[in-house]
Amino acid sequence: MKRCNSLPCLKEAGKRSKNEVELIKEELHIPSSMIDFGKNKKYYIRTYGCQANERDSETIAGILAELKYERTDNHNDADIIILNTCAIRQNAEDKVFGEIGSLKALKKNNPNLIIAVCGCMVQQEKSVEIILKTYPQIDVIFGTHNIQRLPSLIEQCLRNKAKIIEVFSKEGEVIENLPIQRESNLKAWVNIMYGCDKFCTYCIVPYTRGKERSRLMEDILEEVKELKEKGYKEVTLLGQNVNAYGKNLDKGYDFADLLEEVAKIGIERVRFTTSHPWNFTDRMIDIIAKYDNLMPFIHLPLQSGDDNMLRKMNRRYNSEEYRRLHDKIRSTIPGVAVSTDIIVGFPNETEEEFQHTLDMVDYCKYDSAFTFIFSPREGTPAARMIDETPMNVKMERFNRLLEKVATYSRMRNEAYIGKTVKVLVEGVSKKNDDILSGYSESQKLVNFKGNKDNIGKIVDVKITDITSWTLLGEEVNG
Ligand code: 5AD
Ligand code: SF4
């Protein structure tokens, strides 16, 4: 089969210039042969990885809806399948390769089926090489900077009967007004910035997602107002590192200003993710404490509690600074919950260094923590470090950490017993039709007995019991 190529290059993607970010506000370009192309056809999207990918999939769904495709949740019924992939760790990529392999049979049964792979994984030359060598069933590969080009890429694929690869490795722009089909009519993701310039030494994101670039505050506020008018109850402001918001714009506003303006719109719940412990200002904390609709939940990725490890990771803070920030957050924001991310087994981490991470977990007593074993990402500095620590040692440390994390999560949950919390009711629980489920203000998953008529509303729930990961209760006046 022929190929039309624009291949990724991680080295190119890691460059940063001082060039101004381009703001694009044009209509989506749809080639004439693609107008109505999706009529009586269906699309299936599978999303891996973080909220940025979830949000991108909503744009891809919006673009396919413009072409008149309808959604299906069964890939056997689909005329086009999109896999929106993640590259953060090797196991994320392995899952995608497994899924791609299983699609071979579908393509055999239906040669008109179009299969496309997009997202962070295909920003890496190695992954694209593997797909091209091993998986002939893939028709289109497009990158994180190429989403708006999807109608043209499908058109080229059909017209040229060729495999199409279009992955740009560039710093990126800000594109407004792309169509969107949101997953939920209660909770919405709102991008506030794209990319990352922090270059933590283990992380592939600055290469796959380009440079830090913010949307204009007026565009974000407009989007939140519209969501409120449509009846949305919650927005989550999204960025790889939200406290860098505004830095590239030179408009004199920052993330604290944005938070305050979003809060004033009056939508019931405002959340944000992810905030780096570096540059997390006191003003941000004060504003979160000041507004009732800014939810008391902070994800504060630690990665390591050891100063030497933090330096090697290029995290820009030390354990003492982290501890101080944590204390300020807990003492200023009433009822706040704090979660974190921790990496075990960064190259040559010693037992003593790992112990400092455990000490920090003992100190912060996190409400929850995502724990990972270091996964070398080709193209990052940490992947070039020679690592002497055997995997069984890393596993043993990882298990010790998991145990500690579960203990504190349970302890924090126990403190809720007997209290009443506000829950945004999302629906019936996955496991039991008689139980409703939703999240508290502090982002605890709450399963409770209540009135199904209140799905979509915020209700009071009295907490009667807990598990390590959830609160259990009964609706007050339910
Ligand atoms: N190996 C393991 N964990 C990683 N993370 C990012 N890159 C890697 C890697 N190479 C983790 C960090 C980050 C979270 C999203 O994923 O903890 O905060
Ligand atoms: Fe990766 Fe660090 Fe950027 Fe987070 S802040 S996306 S861990 S480089």
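**The sheet and its surroundings**

Reply: In this predicted model, strand 13 (residues 234-238) and strand 14 pair in the parallel sense, and five bridges join them. Within this part of the structure, Thr 236 stands opposite Arg 271, which belongs to strand 14. The two strands are part of an open sheet of three strands, whose order is 10-13-14 and whose pairing is parallel. Strand 10 (187-191) and strand 14 (269-273) stand at the edges with a single partner strand each, so one side of each has no neighbour in the sheet. Direction ignored, neighbouring strands of this sheet are turned against each other by 25 degrees on average. Helix 2, which comprises residues 51-66, lies across strand 10, strand 13 and strand 14, and it runs at about 100 degrees to strand 10.

Turning to the ligands, the residues around ligand 1 are Ile 88, Arg 89, Tyr 202, Gln 303, Asp 341, Ile 343, Phe 372, Ile 373, Phe 374, Ser 375 and Arg 377. Among them, Arg 89 has a side-chain N or O atom that is 2.9 Å from an oxygen atom of ligand 1, and Gln 303 has a side-chain N or O atom that is 2.7 Å from an oxygen atom of ligand 1. In the case of Tyr 202, a backbone N or O atom lies 3.0 Å from a nitrogen atom of ligand 1.

Tyr 202 is also one of the residues that surround ligand 2, where the others are Cys 196, Lys 198, Phe 199, Cys 200, Cys 203, Val 205, Pro 206, His 276 and Arg 315. Sorted by class, this shell around ligand 2 has seven nonpolar residues, one polar residue and two charged residues.

The helix pair remains to be described. Helix 9 (residues 255-265) and helix 10 (residues 282-290) pack at an angle of about 10 degrees, and their axes are 9 Å apart. With angles under 35 degrees counted as roughly parallel, helix 9 and helix 10 are therefore roughly parallel to each other. From helix 9, the residues Phe 255, Ala 256, Asp 257, Leu 259 and Glu 260 take part in the contact, and they meet Arg 283, Met 284, Ile 287, Ile 288 and Lys 290 of helix 10. The residues of this contact between helix 9 and helix 10 divide into six nonpolar and four charged, with no polar residue.

Notes:
Residues are numbered from 1 along each chain as its sequence is written. Chains are lettered from A and ligands numbered from 1 in the order in which they are written. This is a predicted model: local features need pLDDT of at least 70, side-chain atom pairs count only at pLDDT 80 or more; totals for chains, interfaces and linings use all residues. Side-chain values use heavy atoms; hydrogens and water are left out. Axes are lines fitted to C-alpha atoms, for helices over the stretch in contact, and angles run from 0 to 180 degrees between N-to-C directions. Helices (H or I, at least four residues) and strands (E, at least two) are DSSP runs, numbered from the N terminus. Angles under 35 degrees count as roughly parallel, over 145 as roughly antiparallel, 65 to 115 as roughly perpendicular and the rest as oblique. Contact means heavy atoms within 4.5 Å. Ala, Val, Leu, Ile, Met, Phe, Trp, Tyr, Cys and Pro count as nonpolar, Asp, Glu, Lys and Arg as charged, and the others, Gly among them, as polar. A residue is near a molecule or strand if one of its heavy atoms lies within 4 Å of it. Two strands pair if DSSP finds at least two bridges between them. A polar contact is a pair of N or O atoms within 3.5 Å; within protein, one must be able to donate a hydrogen and the other to accept it, and residues adjacent in sequence count only if both atoms are side-chain atoms.
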